[in-house]
Amino acid sequence: VDDTWMFMQTPGFVARYLVGVHPGVLRFHPRMASGGVGKSRAAVESFRAWVERIIADWDVENIACAHDGVAMGGGRDRLRKTLDDARDTLDGMARKYGGAD
């Protein structure tokens, strides 16, 4: 799955200050919030469920990511934190693309 997660040990100026990438932090690719997962409530919920299944079913230790780095160690915990950190964004996308709960 290309460009789902990003991880950079030493993000450059653009990544750090314009995109908000922090060194050593796993995050979803910024395109997620602008339709990268699809522009429907069903697509957002399907994406969230897919990540939840990975967390539950896979014994993730290391994650090779888009654009620069490999997150070494604690993969499952990193995925959980990334999903938790994106909760408000995903909820907002679901409302935007599919109405209120």
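Start by selecting W5, F28, F47 and W50: ring pairs link these residues into a cluster. Rings of Phe, Tyr and Trp (its six-membered ring) pair if their centres lie within 6.5 Å; planes under 30 degrees apart count as stacked, over 60 as edge-to-face and the rest as tilted. Searching the whole structure turns up 4 aromatic pairs. Zoom in on one of them, F47 and W50: the ring centres are 5.9 Å apart and the planes sit at 40 degrees, so this pair is tilted.

Before going further, a word on what you're looking at: it is a predicted model, in which local features need pLDDT of at least 70 and side-chain atom pairs count only at pLDDT 80 or more, while totals for chains, interfaces and linings use all residues. Residues are numbered from 1 along each chain as its sequence is written, and side-chain values use heavy atoms, leaving out hydrogens and water.

**Stop two: helix α2**

Now select residues 41-57, which make up helix α2. Helices (H or I, at least four residues) and strands (E, at least two) are DSSP runs, numbered from the N terminus. F47 and W50 are 3 residues apart in α2, so about one helical turn separates them. F47 is buried, with a relative accessible area of 11%, while W50 has 24% and counts as partly exposed. (Buried means under 20% relative accessible area, exposed over 50%, partly exposed in between, using a 1.4 Å probe and protein chains only.)

Which residues of α2 are buried? Colour V44, F47, R48, V51, I54 and I55 to see them. Look down the axis of α2: its buried residues fall within an arc of 120 degrees, so they line one face of the helix. The arc is that of the directions from the helix axis to the C-beta atoms. On the other side, you'll find A42, A56 and D57 exposed.

What do the buried residues of α2 pack against? Show β1 (5-6), β2 (27-28), α3 (75-85) and α4 (87-98), and you have the partners.

**Stop three: R48**

Click on R48, still in helix α2. R48 counts as buried because its relative accessibility is 11%. Its side chain makes a polar contact of 3.3 Å with the side chain of E45. (A polar contact is a pair of N or O atoms within 3.5 Å; within protein, one must be able to donate a hydrogen and the other to accept it, and residues adjacent in sequence count only if both atoms are side-chain atoms.) Not counting residues up to four places away in sequence, R48 touches L83, R87, L90 and D91. Contact here means heavy atoms within 4.5 Å.

Next, select α4, which has 12 residues. L90, M93, A94 and Y97 are its buried residues. They cover an arc of only 100 degrees around the axis, which puts them on the same side of α4. D88 and K96 are exposed on the other side. The buried residues of α4 pack against α2 and α3.

Finish with the largest nonpolar core, which has 22 residues; W5, F28, M32, L79 and L90 have the most contacts inside it. (Such a core is a set of buried Ala, Val, Leu, Ile, Met, Phe, Trp, Tyr and Cys residues joined through side-chain atoms within 4.5 Å.) The elements giving two or more residues to this core are α2, α3 and α4, and the largest share, 5 residues, comes from α2.

Note on methods: The expected span of a helix is 1.5 Å times one less than its number of residues.
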